Amino acid sequence: MEGVTSQGTGAVTEPGATRSVGRSSLVSMLARVFAVQELGVLAAGLVIGSVFAFLSPEFLTMASAGSILASAVQFGIVGVGVTVLMIAGEFDLSVASVYSLCPLVMAWLWIDHGVNVFLSLTLALALAASIGAINGLATLLLNIPSFIITLATGLFWAGVSLNLTGGYPISYFGTSPVMSWLGAAEMGSSKISVSIFWLVAIVVILASVLRMTATGNWVFACGGDGRAARAMGVPVAVVKLGCFILSSVLAAFTGIVQFGSFGSATPTQGSDLALTALVVAVVGGGSLMGGRGSIVGALLAAIVLGMSYTGLVLSGVSTTWFQSFVGFLLLFAVIMNLRMERLGARFGVIRKS
Amino acid sequence: MPGAKLFVLHDVTKSFGNLVAIEGVVFEVDRGEIVGLVGDNGAGKSTLVKVMNGFYSPDRGVMRFDGRPVRFNSPRDARSVGIETVYQDLALIPALSIWRNFFLGRELKKGRAPFMHLAKAEMRNITMVNLREMGLTRLRSPDEPVDILSGGERQALAIARARHFGGSLLVLDEPTSALSVKETEKVSEAVRIARDGGLGVVIIDHNIGHVHRICDRIVIMESGRVLNTVRRDEVTAQRVADMVAGRHAL
Ligand SMILES: Nc1ncnc2c1ncn2[C@@H]1O[C@H](COP(=O)(O)OP(=O)(O)OP(=O)(O)O)[C@@H](O)[C@H]1O
Ligand SMILES: [Mg+2]
């Protein structure tokens, strides 16, 4: 979460506000609130949560929380990967295909061909890394927008998924501890899957790297202005390539966690995930132009999406309305993000960077 | 290598497609010397400077830094031998904060791997001190994004950054184009101090009077080639202006 440099009253532009003590402490408190970059998505979450809590008494139960978090894991892990890549100024539309292909490859190796489970897992992730590297190299070497490159590779890998098993899913009925760690196990007697820990760990690591390290600084710089970043000695190509690989590996890992949680890998699953991941990144405060975005914001966005999905089910509305709902959410959050930023600027807020 | 000139370029050529931006350029700058680079718009000054600092690799030609042949594959390579640049387009990232821009590519770190992280407080302080020295006293905080700064303030930031990291060669591409008279004088002073401290300086400027005042040598370019090189004490500013304007015979 971002902090704030308190500017006292000197920074306040409103006349009158600078005089009264009561007013100025209120203003500085407001300034603190507006300095929170993720305010737009937080507001959206509060509104949506209240509405569903009002519509359905079951919304505030443990079972509901388990379901919300399970969706949040799915949207969140792939979403933060896409967020980092978007901050670096690039897109990855192939995440949906990677999300279905890599767990399928793992299951195919392990269950259908008796390969060691760890080796299968490692190979599936290595495949994802290679796909990310191909996306990155093609974008950088051919100088074609990543939007197009990853649209093309995504289509290609979707076809590979379908042909690998002839379109059929691969299911697992055993009790491997690997599957438990990945997501089959639940915490204590709750309905909350351990997969939430993967999301939390990934969020903590990525948020720290982005804000606290030179590498994170370079990611923002690459997306902000690639030429300027290169002029200042930032290895732009290497940074972007790394982000492509990260996005792809996290998409694969999301799929593998889903496989662990539900015991089944399907060639066609998650086909709309590429756009959902973009929604997560943008609702969380990211810019399609690159150079801006927040990991914590993306996490909150993923939780809000999870709440919406579960809320729609519990309040008796069909989940077939989910996408329409996401459309509204996207607009609402983006408008909120912009409004909050302007309000913040009016109060003379400076976010600690 | 003792005795060797700081930076020597020989027969350097750079084309963009079929547009030859610079051709057969011979250029040198030594320690403790300010070299001015003048010429019409599109003469190839910025391109030459970007070859010097690794932004472009030349199609042909040899470069020697400190007597050793060098090939820069990126600005990072050039920075690592001590070539610091203020670009004409300033090379700032608008959405990043002032201090993050100041230290971009050169971040100070503390702690050990894998927990090595940015020394933020230190970087904020150094940034503020350097900007104050450049006359930016009205800044509220180093955490503000660069896009709130005025053109002149951005230029001052880019110059302060180059000055702070200044290795052995300082390259400035139109550093004062957006500055007031007072701030321009500050830049000139900073350039002189750098020179007197033993740095080599290359400066591009369209203001011939200004170039003539501070430079030891002046290189005049035309259509991608070096037209002439003169010592400051050999010519008047008017003569240089005439040469730039193409009135060679005068
Ligand atoms: N990246 C590029 N791609 C294509 N052409 C370029 C590129 N950079 C420069 N040029 C061309 O090379 C020539 C020299 O440009 P350059 O920027 O070096 O001129 P300059 O002397 O710095 O001019 P100015 O005084 O206007 O800054 C121009 O004709 C320009 O259009
Ligand atoms: Mg130029």
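This is a predicted model: local features need pLDDT of at least 70, side-chain atom pairs count only at pLDDT 80 or more; totals for chains, interfaces and linings use all residues.
Let's start where the chains meet. How many residues of chain B are in contact with chain A? The count is 33 residues of chain B, against 30 residues of chain A. About 2,600 Å² is buried between the two chains. Carbon and sulfur atoms give 55% of that area. On the chain B side, three residues lose the most area to chain A: Phe55(B), Arg100(B) and Arg140(B). Together they make up 22% of what that side buries.

Side chains of opposite charge can pair when their charged atoms come close. Between chain B and chain A, the count is one salt bridge. Which residues form it? Arg292(A) pairs with Asp147(B), and their closest N and O atoms are 3.7 Å apart. The cut-off for such a pair is 4 Å, so this one counts.

Which parts of chain B supply the surface that touches chain A? Four elements each bring at least two residues: helix H2 (75–81), helix H3 (98–102), strand S8 (117–118) and helix H4 (120–133). H2(B) gives the most, with three residues. Now sort the chain B side by class. There are 13 nonpolar residues, seven polar ones and 13 charged ones.

Next, the metal. Look for the magnesium ion, ligand 2. Which residues coordinate it? They are Ser46(B), through OG, and Gln88(B), through OE1. The distances are 1.9 to 2.2 Å. Where do these two residues sit? Ser46(B) is in helix H1 of chain B, residues 45–52. Gln88(B) is in the loop between strand S6 (83–86) and H3 of chain B. The pair therefore ties together parts that are 42 residues apart in sequence. Is Gln88(B) buried, partly exposed or exposed? Its relative accessible area is 41%, so Gln88(B) is partly exposed.

Back to salt bridges, now across the whole structure.

Asp66(B) pairs with Arg31(B), with the closest N and O atoms 2.4 Å apart. Asp66(B) lies in the loop between strand S4 (60–65) and strand S5 (68–69). Arg31(B) lies in the loop between strand S2 (19–29) and strand S3 (33–39). So this pair ties together parts 35 residues apart in sequence. Arg31(B) has 37% relative accessibility, so it counts as partly exposed.

Stay with Asp66(B) for a moment. Asp66(B) has a positive phi of about 60°, although it is not a glycine.

Here is another bridge. Asp143(B) pairs with Arg124(B), and the closest N and O atoms are 2.9 Å apart. Asp143(B) is in the loop between H4 and helix H5 (151–165) of chain B, while Arg124(B) is in helix H4. They are 19 residues apart, and the pair links distant parts of the chain. Are these two buried or exposed? Asp143(B) has a relative accessible area of 5%, so it is buried. Arg124(B) is at 13%, so it is buried as well.

And one more bridge. Glu133(B) pairs with Arg163(B), with the closest N and O atoms 3.0 Å apart. Glu133(B) lies in helix H4 and Arg163(B) in helix H5, so the pair ties together parts 30 residues apart in sequence. Glu133(B) is partly exposed, at 49% relative accessible area. Arg163(B) is partly exposed too, at 30%.

Some of these bridges share partners. Asp30(B), Arg31(B) and Asp66(B) are joined into one network that way.

Two backbone details to finish. Which peptide bond in chain B is cis? The bond from Ala113(B) to Pro114(B) is cis, with omega near 0°. Pro114(B) lies in the loop between strand S7 (109–110) and S8 of chain B.

The other detail is in chain A. Asn143(A) has a positive phi of about 60°, and it is not a glycine. Asn143(A) sits in the loop between helix H5 (117–142) and helix H6 (146–164) of chain A. At 68% relative accessibility, Asn143(A) counts as exposed.

Conventions:
Residues are numbered from 1 along each chain as its sequence is written. Chains are lettered from A and ligands numbered from 1 in the order in which they are written. Side-chain values use heavy atoms; hydrogens and water are left out. Contact means heavy atoms within 4.5 Å. Buried area is the accessible area (1.4 Å probe) that two parts lose on being put together, summed over both. A salt bridge is a side-chain nitrogen of Lys or Arg within 4 Å of a carboxyl oxygen of Asp or Glu. Ala, Val, Leu, Ile, Met, Phe, Trp, Tyr, Cys and Pro count as nonpolar, Asp, Glu, Lys and Arg as charged, and the others, Gly among them, as polar. Donors are N, O and S atoms within 2.8 Å of the metal (3.2 Å for Na, K and Ca); water is not among the atoms, so sites may look incomplete. Buried means under 20% relative accessible area, exposed over 50%, partly exposed in between (1.4 Å probe, protein chains only).
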